[in-house]
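Trainee: I would like a close look at one part of this structure, the open sheet and the aromatic rings on it. Please go through that part in detail, and say how far the model can be read.

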Amino acid sequence: MSMKSAVLLTVTLFFAGLSLPTVAGQLSPQEMEEWLFDDSDSLIAEVNEGELEFLAKSPQGPVHHHHNRVSITDASVEDGWVGLEQCHRHLDQVTLAQIVFRPDRVRGLKVTRAENINKAWVEGPSIQLQGVQANALLCVQAETRSFVYNGDGTFSLHSGPFMRRFLDGYYPMQVTLDVRVESPRLQFYQMLPRSRDGLTVRHADKTVHYEALFEGRLRTEIMFHDLVVENVSADQHGRGKIAAQIK
């Protein structure tokens, strides 16, 4: 069996993002037959066997675009839950698909927009899709528990792994993330990985924006200083110096 046949017979596509959602799609028998008798190897040529490779140049044709908007509040500092708005563009045309979130890390999940998709609905911790057509757009809204305290006066927003995968190969994917900090106690510190060809990062004290074009598995970490902890530590350090001088 050729590599292409193996890919097409499985026809399972995985995506992951904030709170580890996955997307899986399956072709109808008629669609499967059309794929199997297509002599084009363009899809296979795009596959990347590596774990992660940033792309300086966009490949030909539309690339699945995964756009996330995250809001971090004072409540997020206390319980780890952040607001999430997530949109998918250039979805693969499949008969059935689903976006599955980890049950313990998502709440308030709902579909806010669906275009060129016959049917989209919430089922437990998942979004079920039926009849994904060309130029499909899907947007969802939820809260995800992805904000953690590091124990050293910093917090981290973790996302990923983002991926678009058939069997053991990866295909190009574009991810955009916009973070808005609504808590006065937080200030941007750093993001990993750092900017490079294929990964653009822009930030201010209360906002972060990045765009990534890649093949493989992408995980990101955005860190913030907790100004309350830093101010307390600085105050305690200053009192310690005064006490030492008095002695």
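**The open sheet and its aromatic rings**

Mentor: The protein chain has an average pLDDT of 78, and 71% of the residues score at least 70; pLDDT is the predictor's confidence in each residue, from 0 to 100. Residues 1–41 have a pLDDT below 50, yet beyond near neighbours in sequence this stretch has 103 contacts in the model, a contact being heavy atoms within 4.5 Å. Residues 237–247 also stay under 50, and for them the model has zero contacts beyond four places in sequence. Where pLDDT is low, the predicted coordinates should not be read in detail.

This is a predicted model, in which local features need pLDDT of at least 70 and side-chain atom pairs count only at pLDDT 80 or more, while totals for chains, interfaces and linings use all residues. Residues are numbered from 1 along each chain as its sequence is written, and side-chain values use heavy atoms, with hydrogens and water left out.

Now the sheet. Four strands, in the order β8-β9-β16-β13, form an open sheet with antiparallel pairing. Strands here are DSSP runs (E, at least two residues), numbered from the N terminus, and two of them pair if DSSP finds at least two bridges between them. At the edges are β8 (147–149) and β13 (186–192), each of which pairs on one side only. From one strand to the next the twist averages 25 degrees, taken between axes that are lines fitted to C-alpha atoms, with angles running from 0 to 180 degrees between N-to-C directions.

Strand β9 (residues 154–162) and strand β16 (residues 218–226) run antiparallel and are joined by seven bridges. Across this pairing, Phe155 stands opposite Phe224 in β16.

Phe224 also belongs to one aromatic cluster with Phe147, Tyr149, Phe155 and Phe188. The structure holds four aromatic pairs; rings of Phe, Tyr and Trp (its six-membered ring) pair if their centres lie within 6.5 Å, and planes under 30 degrees apart count as stacked, over 60 as edge-to-face and the rest as tilted. Phe188 and Phe224 make an edge-to-face pair, because their ring centres are 6.4 Å apart and their planes stand at 85 degrees. Since Phe188 lies in strand β13 and Phe224 in strand β16, the pair ties together parts that are 36 residues apart in sequence.

Phe188 counts as buried at 10% relative accessibility, where buried means under 20% relative accessible area (1.4 Å probe, protein chains only). Phe224 is buried as well, with a relative accessible area of 0%.

Methods
Buried means under 20% relative accessible area, exposed over 50%, partly exposed in between (1.4 Å probe, protein chains only).
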